[in-house]
Amino acid sequence: MLSTSSIYILFFTTGVTIGFGHCIGMCGPIVLSLSLNLKGAPSVWPHLFYNSGRTLTYGLLGAIAGGMASFTRFAESIDGLQKGVMVAAGVIIILMGLGMTGWVRTSVIFRAAPPVGTFLTRIFKQLLQEKKHPLMYLPLGLLLGLLPCGPVYTALLAAARSGMEADTTLGGVLSGAGLMLCFGLGTIPALFLVSRLTDLRWLRYREKVYQLGGVLMMVIGLYFIWQGLQY
Amino acid sequence: MKARRFNFPLFGKGILFLVLLVFSVYQPGVSSATDVNVDCDIQSGGCQKQINVRTIHLEILPRPVKAMTDLTFQVKISGDSLSEAPFIDLGMPGMKMGPNRVTLKKNGAATYEGQGVIVRCKSGKTIWQATVTLPDIGSVVFTFDVVY
């Protein structure tokens, strides 16, 4: 039987190996899109905020799974939400791509877009603007942390099991959250490395790359929407 | 005229960027259905394999075997009784999915049973593997298709 601290370390190291073995391939396109969307602005803080948001969402999901102490019941309850997040992620990436190519002005996008609440609209506007506040990547990370992902499910399965073994519901909530936070923290190095490699500030003539990147982002966005509808 | 020097760091970063771009689209490690040999029709019934002289019979219930649902894994082992209970590790061929172990408990003379869940992969691939391990004896891999 593993001690409590050993389980947390195991989840962190699992996150690290999953990060390099799985997330780079599956979440790489998102990180690439976020990097391109920065258009040469410093990328360390935005990516740290994005990863923090993603990890916080994992922690929240772990808390709920641990509290419910049943993975399948939990997964069933968030199934529709995850499908919606996949489609939303696709739309966000397409909008960022459109904004980056410069083919459509941000104001035109927002005139055409349905009113989705002042707060969300403000976040979208910030993400599409030339000058973005790094903190804007935190809500994006919180949202994209909800994307369906096999290894996240596997970790949540263990979080739900830890809830089953806990003496109280609160114990299950805390252990589930702790395990998922450790897992999320473990996945950060790989995705952060990807963000460093896709930082194009070193490139002298990058305007053409940004236009090409914008098109690539739209393709990635369409792929996400298609996956979300298939899911 | 001054000759332009080749910029190695810039070239290296460019290559890395291209590699990453290809990686993000290609999704390495995701095996296609055609390059993985499905050797167990778990949807029709149990499957059998050998470890030395022992026959290992795996059955997953209820059928159809569906991802994201509670499943019962049943393993029947021929030969002398085991000193330690076997266990099953679930994973996808060529894709890291995190540790997902089904612990089995004795449920009859040569039968072991345990509960587990096969999770769903966003890639849409449905081929999964169950590695049945008999401690101190060896392990055997069953590759099968699940329903999403």
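Axes are lines fitted to C-alpha atoms, for helices over the stretch in contact, and angles run from 0 to 180 degrees between N-to-C directions. By that rule, helix α2 (residues 28-37) of chain A and helix α4 (residues 71-101) of chain A cross at roughly 30°, and their axes come within 10 Å. The model is a predicted one: local features need pLDDT of at least 70, side-chain atom pairs count only at pLDDT 80 or more, and totals for chains, interfaces and linings use all residues. Residues are numbered from 1 along each chain as its sequence is written, while chains are lettered from A and ligands numbered from 1 in the order in which they are written. Helices (H or I, at least four residues) and strands (E, at least two) are DSSP runs, numbered from the N terminus.

**Helix packing in chain A**

- α2(A) and α4(A) make a left-handed crossing. A crossing is left-handed if the near helix is turned anticlockwise from the far one by less than a right angle, and right-handed if clockwise.
- On the α2(A) side, the contact uses Ser33(A), Leu36(A) and Asn37(A); on the α4(A) side, it uses Ile93(A), Met96(A) and Met100(A). Residues are in contact if their C-beta atoms, placed from the backbone, lie within 7 Å.
- This contact of α2(A) with α4(A) has four nonpolar, two polar and no charged residues. Ala, Val, Leu, Ile, Met, Phe, Trp, Tyr, Cys and Pro count as nonpolar; Asp, Glu, Lys and Arg count as charged; the others, Gly among them, count as polar.
- Helix α3 (residues 44-68) of chain A packs on helix α7 (residues 137-144) of chain A at about 35°, with the axes 6 Å apart. The crossing of α3(A) and α7(A) is right-handed.
- The residues that make this contact include Phe49(A), Tyr50(A) and Arg54(A) from α3(A), and Tyr137(A), Leu140(A) and Leu144(A) from α7(A). By class, the contact of α3(A) with α7(A) has 10 nonpolar, five polar and one charged residues.

**Core and a buried threonine**

- The largest nonpolar core has 96 residues. Such a core is a set of buried Ala, Val, Leu, Ile, Met, Phe, Trp, Tyr and Cys residues joined through C-beta atoms within 7 Å.
- Buried means 20 or more other C-beta atoms within 10 Å of the residue's own; exposed means 12 or fewer, and partly exposed lies in between, with C-beta atoms placed from the backbone.
- Ala65(A), Ala155(A), Leu156(A), Ala160(A) and Met180(A) have the most contacts inside the core. Leaving out residues up to four places away in sequence, Ala65(A) touches Phe71(A), Phe74(A), Leu156(A), Ala159(A), Ala160(A), Gly163(A) and Gly176(A).
- Thr14(A) is found in helix α1 (residues 4-26) of chain A. Thr14(A) is buried because 22 other C-beta atoms lie within 10 Å.
- Beyond residues up to four places away in sequence, Thr14(A) touches Phe183(A) and Gly186(A), plus Gly98(B) and Pro99(B).
- Thr14(A) and Leu60(A) are 46 residues apart in sequence and 19 Å apart in space, C-alpha to C-alpha.

**Chain B overall**

- Chain B has one helix and nine strands. Its elements run α-β-β-β-β-β-β-β-β-β from the N terminus on.
- Of the 148 residues in chain B, 26% are buried.
- Among contacts in chain B with a separation of 6 or more, 58% join residues 24 or more positions apart.

**The four-stranded sheet of chain B**

- Four strands of chain B form an open sheet in the order β5-β4-β8-β9, with antiparallel pairing. Two strands pair if DSSP finds at least two bridges between them.
- β5 (101-103) and β9 of chain B stand at the edges, each with a single partner strand, so one side of each has no neighbour in the sheet. Neighbouring strands are turned by 20° against each other on average, direction ignored.
- β4(B) and β5(B) pair over three bridges. Asp89(B) stands opposite Arg101(B) in β5(B).
- Strand β4 (residues 87-91) of chain B pairs with β8(B) over five bridges. Leu90(B) stands opposite Ala130(B) in β8(B).
- Strand β8 (residues 127-134) of chain B is mostly covered, with six of its eight residues buried.
- Eight bridges join β8(B) to strand β9 (residues 138-145) of chain B. In β9(B), Thr143(B) is the bridge partner of Gln129(B), and Val141(B) is that of Thr131(B).
- β8(B) and β9(B) form a hairpin with three residues between them. In the turn, Asp136(B) has a positive phi of about 70°.

Key. Contact = placed C-beta atoms within 7 Å.
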